[in-house]
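Colleague: I have a few minutes before my next call, so could you walk me through this one while we look at it together?
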Amino acid sequence: MITYQQMDQSCLALYDRVPMQVRVERILSLEKIDRGLGGFLFKETPVEPYLKDFCADGPMAVRLPDRFDLTNWGFFMAFDGETPIGGAAVAAKTPGCRMLAGREDLAVLWDIRVDGPYKGQGVGQALFDLAKGWAKGKGYVQLKIECQNNNLPAVRFYHKQGAQLEMVNTYAYYNEPAYRDEVQLIWYLDL
């Protein structure tokens, strides 16, 4: 039986036990019309399949306290029995967190992950609903969400949630050679 719990930052090592991977077979290619003045056109484009491992550089959650004060963060986890199978983290009112853009009324869906065998079973939806409900309950007016053009399941999921794609940054990862070709997509969801 799958259960869901709100956690505190003491869960971070457990949280990191949930893989954060996506199989990439198609990406959203970006075409700039008239160098961007005419807008953008996204096209689903097949690519040589590969596994995108967001934690390839090691555990991410346990390193968060080294970067940020997590006092105003929300953490949520899904369990199958005692086994962690999903997680969501929401950041808010955190000095030095650029994703918050200095806004006191904005929360950021920092991370959401579901272990592969549990994808497509509503776990991600339940975690997203918990994260969204937490942010709304704290009085935040918007939830900001980041994903990349090579994560089509995330793109489709955030669109389905009613989020609006508001920013496209083709150079967001330029200083990271392994990710240089990825396009950052920033979504906003009114709460």
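Modeller: Gladly, with the reminder that this is a predicted model. A place to begin is Lys 93, which is in the loop between strand S5 (83–92) and strand S6 (106–114).

Colleague: What is the phi of Lys 93?

Modeller: Lys 93 has a positive phi of about 40°, although it is not a glycine, and at 36% relative accessibility this lysine counts as partly exposed. A further positive value in a residue other than glycine belongs to Arg 35, where phi is near 55°; Arg 35 is in the loop between strand S2 (21–32) and strand S3 (40–53).

Colleague: Is Arg 35 buried or exposed?

Modeller: Arg 35 counts as exposed, because its relative accessibility is 77% and the cut-off for that class is over 50%.

Colleague: Let's move to the sheet. What is the strand order?

Modeller: The order is S1-S4-S5-S6-S7-S9-S8, in an open sheet of seven strands with mixed pairing. The edge strands, each pairing on one side only, are strand S1 (2–7) and strand S8 (164–169), and the twist from one strand to the next averages 25°.

Colleague: And in which sense do S5 and S6 pair?

Modeller: S5 and S6 pair in the antiparallel sense, over seven bridges, and Val 90 has Leu 109 in S6 as its bridge partner.

Colleague: Which strands does H3 lie across?

Modeller: H3 lies across S1, S4, S5, S6, S7 and S9, and runs at about 160° to S6. As for H4, that helix lies across S6, S7 and S9, running at about 160° to S7.

Colleague: How many residues are in the largest nonpolar core, and which have the most contacts inside it?

Modeller: The largest nonpolar core has 32 residues, and those with the most contacts inside it are Leu 109, Phe 128, Leu 143 and Tyr 158. The elements giving two or more residues to this core include helix H3 (123–137), strand S7 (142–148) and helix H4 (152–160), and the largest share, six residues, comes from H3.

Colleague: What is Tyr 158 in contact with, leaving aside its neighbours within four places in sequence?

Modeller: Its contacts on that basis are Leu 109, Ile 112, Phe 128, Ile 145, Glu 146, Cys 147, Ala 163 and Trp 187. Apart from this core lies another, of 21 residues, among them Met 7, Tyr 15, Phe 68 and Phe 75.

Colleague: Now the aromatics. How many pairs come out?

Modeller: The count comes to twelve aromatic pairs. One of them joins Tyr 15 and Phe 75 edge-to-face, at 6.4 Å centre to centre with 80° between the planes. Because Tyr 15 lies in helix H1 (residues 12–15) and Phe 75 in strand S4, this pair ties together parts that are 60 residues apart in sequence. Both Tyr 15 and Phe 75 are buried.

Colleague: And how are Phe 68 and Trp 110 arranged?

Modeller: Phe 68 and Trp 110 also form an edge-to-face pair, with 5.4 Å between centres and 80° between the planes. Phe 68 is buried, with a relative accessible area of 9%, whereas Trp 110 is partly exposed at 25%. Tyr 15, Phe 68, Trp 73, Phe 75 and Trp 110 form one aromatic cluster.

Colleague: Last topic, charges over rings: where does the charged end of Arg 180 sit?

Modeller: The charged end of Arg 180 sits over the ring of Tyr 174, 4.4 Å from its centre, and Lys 52 lies over the face of Phe 54, at 5.0 Å from the ring centre.

Conventions:
Residues are numbered from 1 along each chain as its sequence is written. This is a predicted model: local features need pLDDT of at least 70, side-chain atom pairs count only at pLDDT 80 or more; totals for chains, interfaces and linings use all residues. Side-chain values use heavy atoms; hydrogens and water are left out. Helices (H or I, at least four residues) and strands (E, at least two) are DSSP runs, numbered from the N terminus. Buried means under 20% relative accessible area, exposed over 50%, partly exposed in between (1.4 Å probe, protein chains only). A nonpolar core is a set of buried Ala, Val, Leu, Ile, Met, Phe, Trp, Tyr and Cys residues joined through side-chain atoms within 4.5 Å. Contact means heavy atoms within 4.5 Å. Rings of Phe, Tyr and Trp (its six-membered ring) pair if their centres lie within 6.5 Å; planes under 30 degrees apart count as stacked, over 60 as edge-to-face and the rest as tilted. A charge sits over a ring if NZ of Lys or CZ of Arg is within 6 Å of the ring centre and within 35 degrees of the ring normal. Two strands pair if DSSP finds at least two bridges between them. Axes are lines fitted to C-alpha atoms, for helices over the stretch in contact, and angles run from 0 to 180 degrees between N-to-C directions.
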